[in-house]
Amino acid sequence: MATTAQIKAFIEEIAPVAQKAYKTLGKVLPSVCIGMACVECAYGTAGSVKHHSYFGQKVGTGKTATKYWGGKFFTSKTSEEYTLGVHTTITSAFRAYDNMEQGVFNYYELLNTSLYSGVKIGTDYKTQMQQIKTCGYMTSSTEVNSVISIIEKYGLTQYDGQSSVSASISMTSSYTVGQNYTLQYNMYVRDSANGNKKKYLNLTANAKSNGYQDGQGYGILKKGTAVTCKAVEQIGSNVWIKIPSGWIAAYCNGTTYIK
């Protein structure tokens with residue numbers, strides 16, 4: 001079971017990617033995307049995450065590559081509920097990706113195909129979830145309600161609007177190259193702005209002394225760590241700064257992570 005910290009970290013990681021995909025491909029609300037990912041990959045703790053598979057997209061027939069899926073796949077056991085209340089374990093082929101962005105964009109790509117024409121633009125998250133179920137995305141009889149519950153519990157509809165954009169734009173001027181800042185939270189270090197998490201072993205010696213590694217070996221800097229800004233980059237509504245070990249979020253989805 002995911003911890004509170006893991007849940008928070010996963011939502012903060014996938015939310016801006018979902019917003020970017022929504023802006024590019026549209027239709028499915030970011031809150032729905034984030035909520036489904038939380039369920040399908042257990043807030044980023046499932047084994048499928050090492051393949052950047054967050055939504056349980058199966059390969060399907062023909063294994064034909066698409067714009068956002070290169071044809072890579074892995075096999076895994078999964079539980080299907082073909083008959084209400086009866087769970088059947090099968091082995092299936094699932095799509096694998098090089099990074100989170102590919103996985104999220106392929107999710108949006110899939111839900112924009114004719115197979116999901118029943119999922120309508122402009123409807124609320126509850127309606128979209130039921131439409132996705134009706135179109136056959138999942139066999140689970142409980143997933144729709146589970147996703148809705150997660151959306152409401154963690155306030156994921158905040159990612160459906162653009163209200164945070166103007167705030168983040170003004171925040172970019174708050175960070176200056178060469179200045180030192182202090183982490184307000186424990187934070188993952190990434191290989192690029194909004195990129196993949198870096199392994200603890202790949203951090204600088206100073207970062208290692210002020211951090212620790214999670215269960216998968218990724219490096220986390222501790223709250224209170226002082227860092228030096230080497231570069232600033234804005235992606236959508238979020239601001240990232242480069243430090244000697246990589247990149248960290250400075251301002252993300254309305255939260256200031258360094259001051």
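A residue is called buried here when its relative accessible area is under 20%, exposed when over 50%, and partly exposed in between (1.4 Å probe, protein chains only). The structure is a predicted model, so to speak of local features takes a pLDDT of at least 70 and side-chain atom pairs count only at pLDDT 80 or more, while totals for chains, interfaces and linings use all residues. Residues are numbered from 1 along each chain as its sequence is written, and side-chain values use heavy atoms, with hydrogens and water left out.

Confidence comes out with a mean pLDDT (the predictor's confidence in each residue, from 0 to 100) of 88, and 92% of the residues reach 70 or more. One stretch to treat separately is residues 162-170, where pLDDT stays under 50 and the model has 11 contacts (heavy atoms within 4.5 Å) beyond four places in sequence.

As for the overall build, the protein has 7 helices and 11 strands, taken as DSSP runs numbered from the N terminus (helices H or I, at least four residues; strands E, at least two). Its radius of gyration is 19 Å, close to the 18 Å that the globule rule gives for 259 residues, so the protein is as compact as a globular protein of that length; the radius is taken over C-alpha atoms, and the rule is 2.2 Å times the number of residues to the power 0.38. The C-alpha trace spans about 60 × 35 × 35 Å along its principal axes. Of the contacts with a separation of 6 or more, 61% come from residues 24 or more positions apart.

Helix 3 (residues 100-111) has 10 of its 12 residues buried, so it is largely enclosed by the rest of the structure. Among the buried ones are M100, F105, Y107, Y108 and E109, and the buried set packs against helix 1 (4-25), helix 2 (30-40), strand 2 (86-95) and helix 4 (125-134).

Neighbours within four places in sequence aside, Q131 is in contact with G118, V119, K120 and T123.
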